[in-house]
Amino acid sequence: MKKRALVLSGGSIKGAFQAGAVRQVLREGFQPDIVHGISVGSLNGSFIVNETGKRLNHFDWKDIGKALVDFWKDNINKPSDLVEKKGFLRLAKELLFNHFNGIISTEPLQALIKRTLSVEHLRKSLVEFTAGAVDMITGKLNYFSQLDPALIEGIIASTAIPIMMPISQIGSTPFYDGGLRDVAPLKSVIDKGADEIVIILCQSEELSSKNFNTGKLTHLASRIMDIVVNETVNNDIAKMQYINELVPDDEMEIKNGIHSGKKKIKYRIIRPSKELIVKIDQFKKQDIEKMIALGEVTAFKSEWME
């Protein structure tokens with residue numbers, strides 16, 4: 001039996017595009033056995049898995065996709081739904097006394113995650129889930145699974161954009177956005193035996209020259225992450241495509257040759273054709289709706305490759 005994986009990249013507020021794409025993919029009949037998420041991908045991915053655990057055997061994947069889109073439309077309509085701006089005096093005090101912890105506060109986002117997700121539901125789900133966050137002490141990427149007692153905290157940590165947002169402290173360890181190390185964890189799902197992978201990215205292949213304001217610190221921090229994310233994900237995809245080209249089509253040749261133990265991966269990449277120019281501190285309900293609709297259309301037009 002084939003094992004199917006859904007890989008969801010980071011992308012901050014652009015996760016609305018991802019939600020629309022997920023809905024379309026599930027509507028077409030794709031049923032993931034594995035869901036891996038980074039940053040906002042961990043939010044979308046955990047929501048999907050949470051819903052399957054809540055409903056157990058009494059659900060339709062199409063309904064799960066609709067629920068994810070409704071979650072975005074109902075809960076994320078303006079910046080204050082996710083973040084709070086810090087005043088100048090507060091930021092100055094934090095910097096002066098070496099207590100800096102993000103340009104903006106993410107208390108609304110954390111509250112949203114905690115009231116939406118249930119550890120019980122996530123653990124009951126038959127869909128395997130992991131969220132990636134970077135351990136700032138070792139610099140290594142840590143994957144939080146359903147069995148991890150700090151799963152919810154790990155999901156929150158995965159969404160924490162460096163510099164812009166507060167560091168997430170789990171025990172004595174500080175964590176930041178998993179996108180620092182791995183934007184779309186392809187190797188991880190391949191190692192878990194995935195035969196078919198749907199990869200939904202919030203990043204276009206090329207960055208736009210219109211999306212850069214050096215004078216605003218939140219936008220500068222966001223741009224730095226965009227550059228890191230774009231380079232990493234493009235390299236990961238290129239590597240997977242290269243390996244697929246090397247592996248022969250003949251199964252006996254694979255079994256007896258230098259590619260023994262390897263296999264061709266059927267994959268589908270869904271990403272916007274142009275950079276989505278929407279910021280977490282500057283968006284409206286209409287922006288969310290437009291990105292959701294664009295995600296659905298882009299997914300509909302995408303094709304399977306191998």
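Analyst: A pocket is an open set of grid points with protein on both sides within 12 Å along at least five of seven lines, and a residue belongs to its lining if it has an atom within 4 Å of a point. Please keep in mind that the model is predicted.

User: Which residues lie nearest the centre of the second largest pocket?

Analyst: Of the 13 residues that line the second largest pocket, Gln31, Phe59, Trp61, Leu126 and Val127 lie nearest its centre. This pocket has a volume of about 340 Å³, and its lining divides into 6 nonpolar, 4 polar and 3 charged residues.

User: How many cavities of 30 Å³ or more are there, and what lines the second largest cavity?

Analyst: Rolling a probe the size of a water molecule over the atoms shows where empty space is left. Here the count comes to 4 cavities of 30 Å³ or more. The second largest cavity, with a volume of about 130 Å³, is lined by 13 residues, of which Ser12, Ile13, Val40, Leu109 and Ile280 lie nearest its centre; the lining holds 10 nonpolar, 3 polar and no charged residues.

User: Which residues have the most contacts inside the largest nonpolar core?

Analyst: In this core of 64 residues they are Ile13, Trp72, Ile76, Leu82, Ile200 and Ile288. Beyond its neighbours within four places in sequence, Leu82 is in contact with residues including Ile13, Ile76, Leu109 and Ile280.

User: Where does pLDDT stay under 50?

Analyst: Where pLDDT is low, the predicted coordinates should not be read in detail. The chain averages a pLDDT of 86, but the value stays under 50 over residues 252-261.

Methods:
Residues numbered from 1 in each chain as written. Predicted model: local features only at pLDDT ≥ 70, side-chain atom pairs only at ≥ 80, totals over all residues. Heavy atoms only, no water. 1 Å grid on protein atoms, 1.4 Å probe; cavity = no way out; pocket = protein on both sides within 12 Å on 5 of 7 lines; lining within 4 Å. Points joined across faces, edges and corners; volume = space filled by probe spheres on them. Nonpolar A, V, L, I, M, F, W, Y, C, P; charged D, E, K, R; others polar. pLDDT = per-residue confidence, 0-100. Contact = heavy atoms within 4.5 Å. Core = buried A, V, L, I, M, F, W, Y, C linked by side-chain atoms within 4.5 Å. Buried < 20%, exposed > 50% of the residue type's maximum accessible area, 1.4 Å probe, protein only.
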